[in-house]
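Welcome! Let us take a friendly walk through this structure, one topic at a time. Have the sequence and the 3D view at hand as you read.

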Amino acid sequence: MSTPISLTTPKVTRRAQTRLGIALISPLMLLVIVFFLFPLGNAIYYSVVDFDGIDPTPAFVGLQNYTRLLTDPEVWHALGNNAIWIVIGTAAPLLIGLAQALLLWKVRNAGIFYRLAFFLPYVLPQVAIGIVWGWIYDPVSGWVNKALHVVGLDQLTTGWLGNPNTALYAVLVTAIWATTGFVLIIFLSALRNVDGALMDASRLDGVNAVQQLWYIILPQIMPVFLMVTTVTLVGGFSVFDIIFIMTGGGPANATNVIGTYAYTNAFQLSQISYGTTLALLITALSVPFAVALNRLQRRLSLQGTGA
Amino acid sequence: MTTTTAPTTETAPPPRRGVGAPREDNGMSPRRRTALTGKHLLLIVLSAVSLFPVILVISTALKSEEDVRTNPFGLFSSFSLENLQNAWVVGDFGSYLLNSILLSVPSTLLVVVLSTMAGYTFARLPFRGRSVAFYLVVLGLLVPFFAYMIPLYFQLRGLGLLDTLPGAILVLTSTGVSFGTFFMRAFFSDLPLELEQAARVDGASEWQIFLKVMLPLVSSGAGALGVFTFIQNWNNFLVPLLYLPGGEFRPLTTGLYQFTGGRSLDIGPLAAGTLITIIPVVVLFLLMQRQVAEGFISGAVKG
């Protein structure tokens, strides 16, 4: 952290700075305490009592919510879905985004058009995305089934979101479609820092494209690669919106992740305490990765290669 | 390196200063040219895949009711404003739109103002206890909203803020300030120390240094933060879902969700409502894509 105040700063200035500083952060701190720290503390309290949303003095139950969580088969099932989500939902956008970035790297004319086209899905509201992809997956008139019909693969047509075997992957494809543009933009900005002289020199030396990618480009964008990986990974633990909107965790819990399961418990089954405990599980799983990400980013910005 | 005249118009970029292309132009043999044509073809196909759902929304929203019923997802097979009209009048999307504005605009302004103030403090005004405050704010970047959203519901209910605009605005603001502070702090940290020393020598007070000297220099950062935050708040689904359950202040996102419960007959107005919901973000994105990208790239830290 850079502190632009030298040791010779006069006392008067110091005091004036302290006054201004406290005045400037007070509204923020108030907001952070009331709307973040206080409910966060309360979450821990909720997880050790049995709160149904009504009783103002719920009974203390110790670690009962936590032990229930460990023995609840649906938790493990949902965690499995989170794991699938994280692995595929991280790997696919990374690979597709990197490929797109390399493809777009040297494109001048219309490069901006492609960039906008690829990035646009990422800024759309998840509800809109969920609705349109619901149509695309429509069993009768959806484009996926229509396309399969055209190429003669009728046996593969199904109600993509209604079939427990395909629903999770269908939603996942939607999420991949929506996040790839973000990965692309980050890779593009990282590629801008790749040493051009090194690239030119290697080309003169007869190095082929694959070798260039492996030995020159990838090592130089590795920090950004790690960053993007961690970002999508952290997001994978708390995924909620798109699944809730497209399938609500169904059919028959097939697409349940910890996020939707926590929501269902808290707001539909009035098991506030158990829902909160589930939400804390998401936190416990994702915070270590978020901390690693934060470290990584700080190092990146120190190196001046930051995105 | 040779620059030959182009045989095809598509693939012949005149050697100009490209926006996102700092590297100098490569000379091009005919073979490279064919490769480039292939590359553009591939990029066009990929762009089409990327844009297809948006095109589908526009197409479906602008169909006649009759056409939606028989051929809902055929592209641009008819033209009518019936669906938009229905969404607006029957579907209540006019009031959803108003609520989206009433939620997003104040919360965005609050995020920008509070984050700028705090970002300045954390970058340039040292005092005892500042780093503790900073870590508390940064904690907000690490802890997902999920962790505390359920207790927050009961807290808002206790404060009488559940199902009110001020309550939802404050929650939206609080979810944005951690990143905002982090983001603005970086801008203030980059400003040279000589600037404030010179102003101080000239007799400026600390307030004046902040308002008159420093603040104007971070306006581009504040602008990027504003655009990014607005899009985030406009798109936010969970906050209105949880904290505006009554429906009186329902914004476009949860309004749309409400609508999805309907029968397939409602596809037309639903498409129109989706179009109404995405138009502001799409327009903002197209106009300010640089700021949006900057915000999202830095916002990655939020995960």
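This is a predicted model: local features need pLDDT of at least 70, side-chain atom pairs count only at pLDDT 80 or more; totals for chains, interfaces and linings use all residues.

## Chain B as a whole

The secondary structure of chain B consists of 14 helices, with zero strands. Reading along the sequence therefore gives one α after another, in the pattern α-α-α-α-α-α-α-α-α-α-α-α-α-α. Of the 303 residues in chain B, 54% are buried. If you take the contacts in chain B between residues at least 6 apart in sequence, 69% of them join residues at least 24 apart.

Under "transmembrane region", the entry lists residues 41-62, 96-120, 132-154, 166-188, 209-231 and 267-288 of chain B. Two of these spans can be looked at in the model. Residues 41-62 of chain B are 95% helix and 0% strand, and their end C-alpha atoms lie 29 Å apart. For residues 132-154 of chain B, the figures are 87% helix and 0% strand, with 28 Å between the end C-alpha atoms.

## The nonpolar core

Which residues touch the most other members of the largest nonpolar core? They are A:Trp135, B:Phe145 and B:Tyr243, in a core of 187 residues. The element that gives the most to this core is α7(A), with 17 residues.

## Salt bridges

Side chains of opposite charge can pair when their charged atoms come close. How many salt bridges does a search of the whole structure find? Over all chains, the search finds five. Three of them are set out here.

| Salt bridge | N to O distance |
|---|---|
| A:Asp200 and A:Arg203 | 3.3 Å |
| B:Glu196 and B:Arg124 | 2.7 Å |
| B:Glu196 and B:Arg200 | 2.8 Å |

Let us begin with chain A. A:Asp200 and A:Arg203 both belong to helix α8 (residues 196-204) of chain A, where three residues, about one turn of the helix, separate them. A:Asp200 counts as partly exposed because its relative accessibility is 35%, between the limits of 20% and 50%. A:Arg203 is partly exposed too, at 36% relative accessibility.

In chain B, B:Glu196 and B:Arg124 meet in a salt bridge at 2.7 Å. This pair links distant parts of the chain: B:Glu196 is in helix α8 (residues 193-201) of chain B, B:Arg124 is in helix α4 (residues 93-124) of chain B, and the two are 72 residues apart. Both B:Glu196 and B:Arg124 are buried.

Is B:Glu196 buried or exposed by its relative accessible area? With a relative accessible area of 1%, B:Glu196 falls under the 20% limit and so counts as buried. Through shared partners, salt bridges join B:Arg124, B:Glu196, B:Arg200 and B:Glu206 into one network.

## Some places in chain A

A nonpolar surface patch of about 380 Å² is made by A:Val150, A:Val151, A:Leu153 and A:Leu156. Where does A:Leu156 sit? A:Leu156 is found in the loop between α6 (143-150) and α7 (167-191) of chain A. Its relative accessibility is 45%, so A:Leu156 counts as partly exposed.

A:Tyr66 lies in helix α2 (residues 64-71) of chain A, and is partly exposed at a relative accessible area of 28%. Although 215 residues separate A:Tyr66 from A:Leu281 in sequence, their C-alpha atoms are 9.1 Å apart in space. Not counting residues up to four places away in sequence, A:Tyr66 touches A:Ser47, A:Val48, A:Thr277 and A:Leu280.

A:Phe60 belongs to strand β2 (residues 59-60) of chain A. Because its relative accessible area is 65%, over the 50% limit, A:Phe60 counts as exposed. With residues up to four places away in sequence left out, A:Phe60 touches A:Val48 and A:Val49.

Note on methods:
Residues are numbered from 1 along each chain as its sequence is written. Chains are lettered from A and ligands numbered from 1 in the order in which they are written. Side-chain values use heavy atoms; hydrogens and water are left out. Patches are made of residues with over 30% relative accessible area and no salt bridge: like charges are joined within 9 Å, nonpolar side chains (Val, Leu, Ile, Met, Phe, Trp, Tyr) within 5 Å. Accessible areas come from the Shrake-Rupley method with a 1.4 Å probe; for residues, only the protein chains shown count as cover. A salt bridge is a side-chain nitrogen of Lys or Arg within 4 Å of a carboxyl oxygen of Asp or Glu. Helices (H or I, at least four residues) and strands (E, at least two) are DSSP runs, numbered from the N terminus. Buried means under 20% relative accessible area, exposed over 50%, partly exposed in between (1.4 Å probe, protein chains only). A nonpolar core is a set of buried Ala, Val, Leu, Ile, Met, Phe, Trp, Tyr and Cys residues joined through side-chain atoms within 4.5 Å. Contact means heavy atoms within 4.5 Å. UniProt positions are given in the numbering used here, feature names are shortened, and annotations may be inferred rather than shown by experiment.
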